[in-house]
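This briefing covers selected side-chain contacts and secondary-structure elements of one protein model. Please look over the sequence and the coordinates before reading the points.

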Amino acid sequence: MEYFTETSNNIDNKPKLTKLGISLIAVTGGLAAAISIVCIPFVSPAFRKICLPYVPATNQQVQNVLQALKGRSGSLIDLGSGDGRIVLAAAKAGFKSYGIELNPWLVWYSRLTAFTNGLSSKTCFFRRDLWKCNLQDYNNVILFGVEQMMEDIEQKFNTELQKDSVIIACRFPLPNINPIATIGEGVDTVWLYKR
């Protein structure tokens, strides 16, 4: 395959691109642009005041969250729902489940997964900033946070959540409230709080 051709008309004797060479440049440039567009929502959290990256919940974390929800019912919201696995598991357990996520690709992936699993009527996924979401309508809240945000989110919980609401914090505990239960260990630990 030739990507360049020599022509006798070329005064400087520089090779000219062939149609195949131009096509390859266009295809690779287009692929690079497409990959960049897809990756931006995954990289952009690093540039926010509080970096809240997408890290999928492990199967054990999902089981620990479900154990913390035993005996509970009502509405549930997962703040920073990622790929939706907590929301979907809660919907299977009988909750009307909501997921809030900034990454549009993860929101669409979660919606598609809910649809393919027959859970669309029990789940809703929104592209929204968790700091701008009012939590007063939810009596079960799940959060996979980072240490830098836990004090601020605790204040949000105290302001917006109704009495008898349950908060399940994953990966990092709330700093000023004592949990009523701690389930699991290491990275899979979840802390259960009652408002």
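F126 has a relative accessible area of 27%, so F126 is partly exposed. The model is predicted.

**Aromatic cluster**

- There are 2 aromatic pairs in the structure.
- In one of them, the ring centres of Y98 and F126 are 6.4 Å apart and the planes meet at 10 degrees, so this pair is stacked; planes under 30 degrees apart count as stacked.
- Y98 counts as buried because its relative accessibility is 18%, and the limit for buried is under 20%.
- Y98 also pairs with Y138, here edge-to-face, at 5.4 Å centre to centre and with 70 degrees between the planes.
- Y138 lies in the loop between β5 and β6 (140–144) and Y98 in strand β4, so this pair ties together parts that are 40 residues apart in sequence.
- Both Y98 and Y138 are buried.
- Together, Y98, F126 and Y138 make up one aromatic cluster.

**Arginines over ring faces**

- R128 lies over the face of F126, 4.9 Å from the ring centre.
- R111 lies over the face of W108, also at 4.9 Å from the ring centre.

**Helix α4**

- Helix α4 (residues 104–116) has 13 residues and should span 18 Å at 1.5 Å a residue; its end C-alpha atoms are 18 Å apart, so the two values agree.
- Which residues of α4 are buried? They are L106, V107, S110, T113 and A114.
- Seen down the axis of α4, these buried residues fall within an arc of 130 degrees, and therefore line one face of the helix.
- The face turned away from the buried side of α4 carries the exposed residues W108, L112, F115 and T116.
- The N-terminal end of α4 is capped by N103, which has a side-chain oxygen 2.9 Å from the backbone nitrogen of W105.
- After α4 comes G118, which has a positive phi, near 70 degrees.

- In β6, 5 of the 5 residues are buried, so the strand is largely enclosed by the rest of the structure.
- N140, I142 and F144 point one way from β6, V141 and L143 point the other way, and all are buried.
- Strand β3 (residues 75–79) runs parallel to β6 and is joined to it by 4 bridges.
- β7 also pairs with β6 in the parallel sense, over 5 bridges.
- V141 of β6 has I77 opposite, and the bridge partner of V141 in β7 is I167.

**K163**

- Is K163 buried or exposed? K163 counts as exposed because its relative accessibility is 66%, and exposed means over 50%.
- K163 is placed in the loop between α5 (150–160) and β7 (166–170).
- K163 and Q136 are 27 residues apart in sequence, and their C-alpha atoms are 9.9 Å apart in space.

Methods. Residues are numbered from 1 along each chain as its sequence is written. This is a predicted model: local features need pLDDT of at least 70, side-chain atom pairs count only at pLDDT 80 or more; totals for chains, interfaces and linings use all residues. Side-chain values use heavy atoms; hydrogens and water are left out. Rings of Phe, Tyr and Trp (its six-membered ring) pair if their centres lie within 6.5 Å; planes under 30 degrees apart count as stacked, over 60 as edge-to-face and the rest as tilted. Buried means under 20% relative accessible area, exposed over 50%, partly exposed in between (1.4 Å probe, protein chains only). Helices (H or I, at least four residues) and strands (E, at least two) are DSSP runs, numbered from the N terminus. A charge sits over a ring if NZ of Lys or CZ of Arg is within 6 Å of the ring centre and within 35 degrees of the ring normal. The expected span of a helix is 1.5 Å times one less than its number of residues. The arc is that of the directions from the helix axis to the C-beta atoms. A polar contact is a pair of N or O atoms within 3.5 Å; within protein, one must be able to donate a hydrogen and the other to accept it, and residues adjacent in sequence count only if both atoms are side-chain atoms. Two strands pair if DSSP finds at least two bridges between them.
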